[in-house]
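Colleague: I'm new to this. Could you show me how to read a sheet and a core?

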Amino acid sequence: MKRVNKNNYHQRFAEHLMSRICRQAQIPNIKIEVKELRRGGRAVLHNRYISIPLWANRTKEYFIYYVIHEITHFICSYCGHNMAFKLKEQEICKRYNIAIEYSKAYPKRLLRHDTGQLICGKYGYST
Ligand SMILES: [Zn+2]
């Protein structure tokens with residue numbers, strides 16, 4: 001009998017999101033890895049590699065936001081976390097009904113885009 005691997009589930013969900021977002025942005029796929037990390041994930045542009053910490057799955061929407069944030073670094077390379085970056089990040093998040101309330105580069109809160117309902121507050125780090 002096949003054991004359900006929680007990590008594998010998140011890995012496959014991240015890959016699914018990545019391929020969809022990259023296709024829509026018309027950029028090549030990026031290698032994405034969901035794993036135990038104490039702090040934040042990373043986007044390594046020259047290796048086309050993203051790591052996502054397992055703790056990002058505190059809510060499904062936060063996990064989606066996290067994947068979008070890292071992929072936006074590839075769409076908007078060399079933007080840092082400037083306004084162009086944030087506009088692109090928000091545009092993609094909106095497709096998943098997620099709105100970001102920023103505190104500098106990272107969300108203070110995530111809200112439902114349509115109703116403004118609170119999804120979650122600030123959790124940990126992201127790069
Ligand atoms: Zn970042």
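Modeller: Helices (H or I, at least four residues) and strands (E, at least two) are DSSP runs, numbered from the N terminus. Two strands pair if DSSP finds at least two bridges between them. This is a predicted model: local features need pLDDT of at least 70, side-chain atom pairs count only at pLDDT 80 or more, and totals for chains, interfaces and linings use all residues. Residues are numbered from 1 along each chain as its sequence is written.

Colleague: Which residue of β5 is the bridge partner of Ile98?

Modeller: Strands of a sheet pair through backbone hydrogen bonds, either parallel or antiparallel. Here, Ile98 has Arg112 as its bridge partner in β5, and Tyr102 stands opposite Pro107. Strands β4 (residues 98-103) and β5 (residues 106-112) pair in the antiparallel sense over 6 bridges. Their hairpin has 2 residues between the strands, and Lys104 takes a positive phi near 55°.

Colleague: Which strands stand at the edges of the sheet?

Modeller: The open sheet has 3 strands in the order β4-β5-β6, with antiparallel pairing. β4 and β6 (118-120) stand at the edges, each with a single partner strand, so one side of each is left without a neighbour in the sheet.

Colleague: And what about the core?

Modeller: In soluble globular proteins, nonpolar side chains tend to be buried together. A nonpolar core is a set of buried Ala, Val, Leu, Ile, Met, Phe, Trp, Tyr and Cys residues joined through C-beta atoms within 7 Å. Buried means 20 or more other C-beta atoms within 10 Å of a residue's own, with C-beta atoms placed from the backbone. The largest core here has 26 residues, and Tyr65 is among the members that touch the most others. α2 (60-75) is one of the elements supplying at least two residues; its share, 10 residues, is the largest.

Definitions and conventions:
Buried ≥ 20, exposed ≤ 12 C-beta atoms within 10 Å, placed from the backbone.
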